[in-house]
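Hello,

Here is the structure I promised to pass on to you. Please have a look at it first, and then read my notes below.

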Amino acid sequence: MSDARLALTLCITKNRAGSETDVKALEQMYEALGFKSTVRRNLPAKGFWEELEKFREAMDQMKDPVSCCFVVLMAHGEEGILQGVDDNTIQLEELFAMLTNKNCRALRGKPKVFIVQACRGDQKDSGEVVQPKETGETVLLSKEQPPKLPTYTDALHVFATVEGYLAYRHENDGSFFIQTLVDVFTNMKGHILDLLTEVTRRMADAELMQGGKPRKVNPEVQSTLRKLLYLQ
């Protein structure tokens with residue numbers, strides 16, 4: 001992580017009260033963690049793709065190497081879809097694909113962290129009462145190192161909620177997910193998956209009120225990282 005750290009935030013703030021609070025918190029986090037940040041607001045659906053393409057091209061043209069990049073996407077959405085300010089939509093997979101090992105030379109073998117603050121459906125989780133129990137898993141690891149990198153390694157996709165469910169945002173305080181993530185990333189040390197586990201714990205322990213009804217929510221983490229990623 002001694003080389004350049006770059007961050008791109010693409011955010012729809014129109015008709016998304018509280019989103020500017022999230023942008024401000026993210027900017028403070030980037031500064032604390034040594035990331036050079038770019039923010040773009042209120043893009044049409046196609047603009048998400050265009051701005052990410054500019055970001056990728058700028059990295060590929062840099063003389064100095066890049067250690068890591070963050071891409072934060074904040075908008076209204078459904079499962080696999082983001083909505084632009086023009087009400088048109090773009091597939092998240094199209095955006096994820098732009099920074100794969102195949103499509104972005106500067107980030108080949110480097111951590112690519114996508115953070116998505118958007119709904120993934122309209123379901124609402126009221127929570128369930130369960131008795132905790134211990135579970136164990138067996139993981140088999142291969143000792144052989146492949147001579148080539150798979151296309152989709154070294155990526156980390158973090159969603160504000162699980163598939164099919166709403167993401168929550170306060171009109172003054174910002175989104176529960178972004179605010180929790182910024183607090184943990186800024187004030188705690190450890191590799192990023194441990195930090196995200198703490199984000200998940202805090203969100204799962206909390207209870208949100210919507211329309212006078214209690215709601216539960218937790219993020220979802222999808223990782224193909226090959227190494228431990230430390231931000232500080």
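Let me start with a term: two strands count as paired if DSSP finds at least two bridges between them. Helices (H or I, at least four residues) and strands (E, at least two) are DSSP runs, numbered from the N terminus. Before we go on, please keep in mind that this is a predicted model, where local features need pLDDT of at least 70, side-chain atom pairs count only at pLDDT 80 or more, and totals for chains, interfaces and linings use all residues. Residues are numbered from 1 along each chain as its sequence is written, and side-chain values use heavy atoms, with hydrogens and water left out.

Strand E5 (residues 81–83) runs antiparallel to E4, and two bridges join them. Within this pairing, Gly77 lies opposite Leu82 of E5. Together with E6, these strands make an open sheet of three, ordered E4-E5-E6, with antiparallel pairing. Strand E4 (77–78) and strand E6 (89–91) are the edge strands, each pairing on one side only. Helix H2 (residues 45–61) packs on this sheet and touches E5 and E6; contact here means heavy atoms within 4.5 Å. The direction of H2 makes about 45° with that of E6. For such angles, axes are lines fitted to C-alpha atoms, for helices over the stretch in contact, and the values run from 0 to 180 degrees between N-to-C directions.

**The six-stranded sheet**

Another open sheet has six strands in the order E2-E1-E3-E7-E8-E13, with mixed pairing. Which strands stand at its edges? They are strand E2 (36–41) and strand E13 (220–223); each has a single partner strand, so one side of each is left without a neighbour in the sheet. On average, neighbouring strands here are turned by 10° against each other, direction ignored. E8 and E13 pair in the antiparallel sense over four bridges, and His157 is opposite Gln222 in E13. H2 packs on this sheet too, touching strand E1 (4–11), E2, E3 and E7, and its direction makes about 170° with that of E1.

**Helix H4**

H4 lies across E3, E7 and E8, at about 145° to E7. The twelve residues of helix H4 (residues 176–187) should span 16 Å at 1.5 Å a residue, and the end C-alpha atoms are 17 Å apart, which agrees. (The expected span is 1.5 Å times one less than the number of residues.) Which residues of H4 are buried? They are Phe177, Ile178, Thr180, Leu181, Val182, Val184 and Phe185, where buried means under 20% relative accessible area, exposed over 50%, and partly exposed in between (1.4 Å probe, protein chains only). Among the partners that the buried residues of H4 pack against are helix H1 (19–33), strand E8 (155–159) and helix H5 (192–205).

**A loop residue**

Asn172 sits in the loop between strand E9 (169–170) and strand E10 (174–175). Asn172 is exposed, with a relative accessible area of 53%.

**The whole chain**

The chain has five helices and 13 strands, and 44% of its 232 residues count as buried. Its C-alpha atoms fill a box of roughly 55 × 45 × 30 Å along the principal axes. Of the contacts with a separation of 6 or more, 78% are between residues 24 or more positions apart.

Happy exploring!

Methods: Expected span 1.5 Å × (residues − 1).
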